[in-house]
Amino acid sequence: MGKYLLFLSNRLQTVLQYRVGFLMMIVTNVFLILAKYFLWQAMYSAEGKLQIAGFSLDEMVLYVLVSSLVYLLIQTNIEHEIAREVMQGEIAVNLIRPVNYLLQKFFISLAYFITNFLFVVVPLILLATIFFPFGSILSYHWIPLSVGILLAFVINFFFSAFSGLIAFWTTNTWGFQMLKLSLISFLSGWIIPLDFFPEYLAKIASILPFKSLVYDPVMIFLGKAGDFNAVAILLLKQGIWLALFSAFGLLMWNRGIRKISILGG
Amino acid sequence: MKILIHYLDLTLFFGKLHLNKLIEYRSDFIMGVAGFLLDSTMSVATVFFLFNFVPQIQGWSLYQILFIFGFSLIPKGIDYLFTDYTWELSRRLIQRGEFSKYLTRPINPLFYMLSERFFHPDGIGGIISGIVLLFLSATHLNLTADPLRWIVFLSLIPFCMFIYFSIKLIFASIAFWTTVSMPSLSAVMSLADFVKYPLDIYSHAMRFLLTWIIPFAFTAYFPTLFLFTGEWYYPMMTVVISISTTALAFFIWNKGVENFESTGT
């Protein structure tokens with residue numbers, strides 16, 4: 001465990017070098033949130049509608065805010081690093097080290113989670129509470145949200161790992177990254193809530209794992225995911241996806257490193 | 001003239017080179033194309049999904065919005081096709097000292113740098129989906145603007161593209177002084193997200209920002225407004241803004257290259 005924490009603290013120090021980066025991430029996210037905010041506001045004012053697809057304007061504003069923050073938090077920033085190490089053969093060095101490669105990368109990506117939380121998400125929440133009066137903050141479900149985010153982060157870590165490790169087979173990863181990004185951004189509910197999808201598409205999205213990255217945690221937070229049992233089932237499903245993906249990640253890793261000796265690394 | 005032909009030749013040569021690099025990894029390339037198709041279909045579909053719930057947004061109909069959206073994809077796509085490598089300038093070319101390579105050959109350094117990623121497939125896809133969308137929405141709207149208006153409207157495309165490129169180049173060139181400028185570049189470029197929708201759904205401050213500070217509004221909204229209304233002020237301003245941002249971008253780029261040479265980094 002100790003050695004993995006070293007990877008974490010090492011990366012923390014690197015990330016903390018570029019402090020202007022955090023400020024700019026705050027600005028970027030303010031812009032992205034505002035773009036959605038104005039669009040929704042225009043939609044609700046269209047006909048003086050109070051509810052669209054089961055959301056009031058206030059709920060929609062909260063959805064935009066929280067989903068943006070969740071999406072930001074689950075970024076692992078590790079896919080290009082893994083892909084590069086596989087493509088350039090640097091990964092061979094890691095095979096002779098007494099550390100688990102994926103676990104090492106996981107701890108490195110935790111550094112981004114921690115810094116993004118402290119220096120981007122917390123300031124954004126403070127900004128949001130100044131500009132949008134939300135009423136009682138305590139009436140929302142913070143604890144299941146936190147659990148959901150943590151699980152989503154680990155699930156997304158495996159997506160990142162897959163998109164890097166796939167380089168063992170495809171050599172280049174531009175295409176898979178592209179595919180992954182578009183799948184996640186739409187089917188996770190980050191662009192719009194899944195309630196806006198037509199029925200057939202909503203059904204497809206509900207079978208796939210992507211919605212547990214953003215949509216589920218945010219709906220739980222808003223209290224729109226149903227009663228206690230429904231929430232428990234959603235979190236359990238997230239856990240099952242997580243178990244499946246970690247097994248698949250291990251399989252991919254074991255297959256992949258066998259490939260490396262064929263190619264001569 | 002001779003120089004121009006020489007550079008056209010080089011463009012084709014470098015473009016083929018980059019495209020071949022991507023196509024060589026066949027399975028990855030196919031996934032990338034699939035990802036791209038999914039991405040553009042879904043972003044258009046999102047607009048349709050929204051209009052399932054409201055008949056118009058701030059007085060704009062579905063096809064009017066799709067028209068603006070479609071047009072915005074064309075200059076953006078052309079820009080993507082030729083200048084995507086600007087991002088690397090902000091990300092790593094200065095930081096890792098790789099930039100000096102571009103000063104060692106008898107080609108314009110800016111051209112040489114950009115040539116690393118000519119003919120990026122995302123760009124081609126963007127242009128095609130833009131044209132399809134424009135055509136589709138134009139037939140639905142029964143646009144009966146006179147041919148002269150159409151000619152002026154379409155000839156604004158290169159000017160829009162240069163607005164796009166020069167904003168990107170200005171913020172990437174900051175890296176010449178700060179070594180990395182990617183976070184500020186992504187903050188500014190996230191504003192481009194706003195132009196898919198009509199400018200008048202945004203607040204006054206936002207409109208001012210997008211018109212006069214970071215003039216993305218001139219890359220889609222104002223040209224389309226000209227086509228719809230025939231107000232000559234819009235295309236004239238588009239040209240003026242385009243020429244001045246381009247001049248500013250080249251000025252800052254040149255200063256940056258000078259600065260880079262004098263420090264010898």
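Keep in mind that the model is predicted.

Let's start with chain A, and with the second largest pocket. Its volume is about 420 Å³. The lining counts 22 residues. Which of them lie nearest the centre of the pocket? They are A:Leu69, A:Ile125, A:Trp142, A:Leu145 and A:Phe221. Three helices of chain A give two or more residues each to this lining: α3 (57–73), α6 (101–131) and α7 (142–165). The largest share comes from α6(A), with seven residues. Of the lining residues, 20 are nonpolar and two are polar. No charged residue takes part.

Next, charges. Side chains of opposite charge can pair when their charged atoms come close. Over all chains, the structure holds 16 salt bridges.

How accessible are the two partners? B:Asp79 has a relative accessible area of 2%, so it is buried. B:Lys168 is also buried, with a relative accessible area of 2%.

Then B:Arg117 with B:Asp84. Here the closest N and O atoms are 2.9 Å apart. Both residues sit in loops of chain B, and they are 33 residues apart. B:Arg117 is in the loop between α5 (109–114) and α6 (121–141). B:Asp84 is in the loop between α3 and α4 (86–93). Both B:Arg117 and B:Asp84 are buried. They also belong to a network of salt bridges.

One more bridge: B:Arg149 with B:Asp146. The closest N and O atoms of B:Arg149 and B:Asp146 are 3.7 Å apart. B:Asp146 has a relative accessible area of 34%, so this residue is partly exposed.

Now some loop residues. Where is B:Leu199? In the loop between α10 (182–189) and α11 (204–213) of chain B. With a relative accessible area of 8%, B:Leu199 is buried. B:Leu199 and B:Ala217 are 18 residues apart in sequence, and their C-alpha atoms are 7.1 Å apart in space.

Last, two backbone angles. A:Asn77 has phi near 55 degrees, a positive value in a residue other than glycine. A:Asn77 lies in the loop between α3 and α4 (79–87) of chain A. Its relative accessibility is 41%, so A:Asn77 counts as partly exposed. In chain B, look at B:Thr179. Phi of B:Thr179 is positive, about 65 degrees, although the residue is not a glycine. B:Thr179 is found in the loop between α9 (175–178) and α10. At 38% relative accessibility, B:Thr179 counts as partly exposed.

Notes. Residues numbered from 1 in each chain as written. Chains lettered and ligands numbered in written order. Predicted model: local features only at pLDDT ≥ 70, side-chain atom pairs only at ≥ 80, totals over all residues. Heavy atoms only, no water. 1 Å grid on protein atoms, 1.4 Å probe; cavity = no way out; pocket = protein on both sides within 12 Å on 5 of 7 lines; lining within 4 Å. Points joined across faces, edges and corners; volume = space filled by probe spheres on them. Helix = DSSP H or I, 4+ residues; strand = E, 2+ residues; numbered from the N terminus. Nonpolar A, V, L, I, M, F, W, Y, C, P; charged D, E, K, R; others polar. Salt bridge = Lys/Arg side-chain N within 4 Å of Asp/Glu carboxyl O. Buried < 20%, exposed > 50% of the residue type's maximum accessible area, 1.4 Å probe, protein only.
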